[in-house]
Amino acid sequence: MQSLYDDPELYDLVAPADAAMERFYVEAAGGPGRRVLELACGSGRFTVPLAASGALVIGGDLSQPMLARARAAAAERGVSAEFVTLDMRDFVLGRRFDAIVIAANSDPISQVMRTDWYWSTAEHNDFRHTPLELRQIFPQELPLLLEAGGLRLLERFGDFDRGPLTAASHRQVCVCAAMV
Ligand SMILES: C[S@@+](CC[C@H](N)C(=O)[O-])C[C@H]1O[C@@H](n2cnc3c(N)ncnc32)[C@H](O)[C@@H]1O
């Protein structure tokens, strides 16, 4: 069965450009000239705006179709970004970065939500079925996972406009620093 990530054009319909999220990641990356690694970069939804902001970006992802789409998106926008195939659970690039971004639902291991997307047009009903699995991280669990990964939690928000994280929030957004 095809994954949604085998069909990046459909993925882009599910996850379109989002100005608040772009702004958040561009600000978090720290500006022109910063060396930024974006893990699970997908089709480049944030890699391309990061590169356009002047950051020196490498986007890494497991999915070849998503990376191909990201390369095309960067070329189309006329920005320079490097894309590499990697498994973010275990990789070595041998380079140092000023900022590392993992954007928007990019860690499927366990505690997994499984959804089935059925795609239709006016002419064709259910022309494609793409299962999607996303790991859910509980709010209480996230700070512990970050700490176990050697990161110190600096700020935590409930949305990309930096609103507070509350029981009604739909997102968890974290800004961290490496522990020294
Ligand atoms: C929900 S998409 C998010 C893509 C992008 N960050 C965005 O917000 O549009 C999840 C991405 O994670 C990638 N991915 C899943 N497991 C991965 C892993 N272990 N290593 C690297 N990439 C992975 C998938 O191929 C997919 O492109």
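1. Strand β2 (residues 56–61) and strand β3 run parallel and are joined by four bridges, strands here being DSSP runs of E with at least two residues, helices runs of H or I with at least four, both numbered from the N terminus. Within this pair, Asp61 stands opposite Thr85 in β3. This is a predicted model, in which local features need pLDDT of at least 70 and side-chain atom pairs count only at pLDDT 80 or more, while totals for chains, interfaces and linings use all residues. Residues are numbered from 1 along each chain as its sequence is written.

2. The open sheet to which these strands belong has four strands in the order β3-β2-β1-β4, with parallel pairing; two strands pair if DSSP finds at least two bridges between them. Because β3 (82–85) and β4 (99–102) stand at the edges, each with a single partner strand, one side of each is left without a neighbour in the sheet. On average, neighbouring strands of this sheet are turned by 20° against each other, direction ignored.

3. Helix α2 (residues 19–29) packs on the sheet, where it touches β1 (35–39) and β4, and its direction makes about 155° with that of β4. Helix α4 (residues 64–77) lies across β2 and β3 and runs at about 175° to β3. Such angles run from 0 to 180 degrees between N-to-C directions, with axes fitted to C-alpha atoms, for helices over the stretch in contact.

4. The largest nonpolar core has 28 residues, and those with the most contacts inside it are Tyr25, Val36, Leu50, Ala51 and Val57; a core is a set of buried Ala, Val, Leu, Ile, Met, Phe, Trp, Tyr and Cys residues joined through C-beta atoms within 7 Å. The elements giving two or more residues to this core are α2, β1, α3, β2 and α4. Leaving aside neighbours within four places in sequence, Ala51 is in contact (C-beta atoms, placed from the backbone, within 7 Å) with Val57, Ala74, Val79, Ser80 and Ala81.

5. The cut-offs are 20 or more for buried and 12 or fewer for exposed.

6. Ala40 is also one of the closest of the 19 residues that surround the ligand, each having its C-beta atom, placed from the backbone, within 6 Å of it.

Terms used. Contact = placed C-beta atoms within 7 Å. Buried ≥ 20, exposed ≤ 12 C-beta atoms within 10 Å, placed from the backbone.
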